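Here is a short briefing for a first look at this structure. Keep the sequence and the 3D view open as you read.

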Amino acid sequence: MSFFASRISRIKPSPTIAIAAKARELKASGRDVIALSTGEPDFETPVHIRDAAKAAMDRGETKYTAVSGTLELREAISRAFKRNNGLAYLPDQISVGCGGKQTIFNALISTVGPGDEVIIPAPYWVSYPDMVLLCEGMPVPVDCPQDTGFKLTPNALDAAITPRTKWLILNSPSNPAGAGYTAGELKALGEVLLAHPHVWVMTDDMYEHLVYGGFEFATMAQVVPSLYERTLTLNGVSKAYCMTGWRVGWAAGPRELIKVMNDVQSQSTTHTSSVSQAAAVAALDGPRDFIAKHNAVFKERRDLVVRMLNDAPGISCPTPEGAFYVYPSCAGCIGKVTPGGRTIETDEDFAIHLLESEGVAVVHGAAFGLSPHFRISYATSTDLLKEACIRVRRACEQLR
Ligand SMILES: Cc1ncc(COP(=O)(O)O)c(C=O)c1O
């Protein structure tokens, strides 16, 4: 009998972290590697946020806080929900965790058990299915191919719902495809959910502020107020505020659920760092003009990457609405042969070919549940992106 719990055999380590590790290894051995595999902005945390953290330390805010987060932070989050989404969430409806990741985990462990199903549109963020598996539930991936803009349709949602469905997880703009749902598209999905009162919806709005070209962000509880009582709205400072390492994310929803999530957290991490919480208050309440500046850079990079990738033979890359990822198809490269005589049979073979032949690290689509694709994160310098796209094109041109 194994020493490890049976639930552990159901999960795998995050493939995005694994690829980044492999790229680092190659780099350490002297190879010239461009890693386009990480999911974090290349910009520093703004100075006023760092200063707020230092000031908090100097004021002695270095002790335990409330499990759900400091009242100051939950009030700042409450104001942000009102300002950004027109949503009324009071501080006792908000639970702050160690990044968005922990709040999602808290929500799932609080509600999902053996046999419970969670609908996850694919391509999906790699952690959703594995978290559901850790909770001994059943992830139900639903294919959302390129021709639907990588978005769930009302018909596909309706077909996936069973009496065992607990949650639908919606992520907009999405990781890995950058797909953003319009208010109209959310409304149409909301209509389906209204017909199934046992299904709750978890909206992961982590990339809310990273939208380009006039795309207007919307979230379910705002667009379909009658779903408010069974919606958990998730957000955080990691991406738009360039604070991935500070580990602050939150969930807002019905009090009863938030209370249970806090109880769970009280038996694991207790809360995220007091200093990080003070920094997050400064992020939410302070000047936010840097976000528009970053977005102008991200949009330029997105357009550059889309244009250059579409010049590579065998690649087709649509233009996403937001986040900092593109999710091109490599269908045109499948079945071709590398100069070394290896046939590209899967998107993982294609990603390995990119890494080995040209030193470009991307994440293969199978990791996100929809093939044959690969994810490029354009949260890296424009010069490096240009060089990487030239290399991707060269790697595609080598295939016969
Ligand atoms: C879709 C999505 N949700 C949640 C997270 C987790 O964010 P955090 O770093 O705040 O835990 C990420 C991070 O990559 C993400 O891409």
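Ala323 has 0% relative accessibility, so it counts as buried (under 20% relative accessible area; exposed is over 50%, partly exposed in between, with a 1.4 Å probe and protein chains only). This is a predicted model: local features need pLDDT of at least 70, side-chain atom pairs count only at pLDDT 80 or more, and totals for chains, interfaces and linings use all residues. Residues are numbered from 1 along each chain as its sequence is written, and side-chain values use heavy atoms, with hydrogens and water left out.

- Most residues other than glycine have a negative phi, and most peptide bonds are trans.
- Ala323 has a positive phi, near 60°. Ala323 sits in the loop between α11 (289–310) and β9. Helices (H or I, at least four residues) and strands (E, at least two) are DSSP runs, numbered from the N terminus.
- Glu136 also has a positive phi, near 70°. Its loop runs between α5 (127–134) and β4 (138–143). Glu136 is partly exposed, at 33% relative accessibility.
- Asn175 and Pro176 are joined by a cis peptide bond, with omega about 25°. Pro176 belongs to the loop between β5 and α7.
- Ser371 and Pro372 are joined by a cis peptide bond, with omega about -10°. Pro372 belongs to the loop between β11 and β12.

**Strand β5 and its partners**

- In β5 (residues 165–171), 6 of the 7 residues are buried, so the strand is largely enclosed by the rest of the structure.
- β5 runs parallel to β3 (residues 117–122), joined by 3 bridges. Two strands pair if DSSP finds at least two bridges between them. Val118 faces Trp167 of β5.
- β5 also pairs in the parallel sense with β6 (residues 200–204), over 5 bridges. Here Leu168 stands opposite Val201.

**An open sheet**

- 3 strands form an open antiparallel sheet, in the order β9-β12-β11. Its edge strands are β9 (325–326) and β11 (363–364), each pairing on one side only.
- β11 and β12 (residues 374–377) share 2 bridges. His364 has Phe374 in β12 as its bridge partner.

**Helices**

- Helix α4 (residues 99–111) has 13 residues and spans 19 Å from first C-alpha to last, close to the 18 Å expected at 1.5 Å a residue. The expected span is 1.5 Å times one less than the number of residues.
- Among the buried residues of α4 are Gly99, Ile104 and Leu108.
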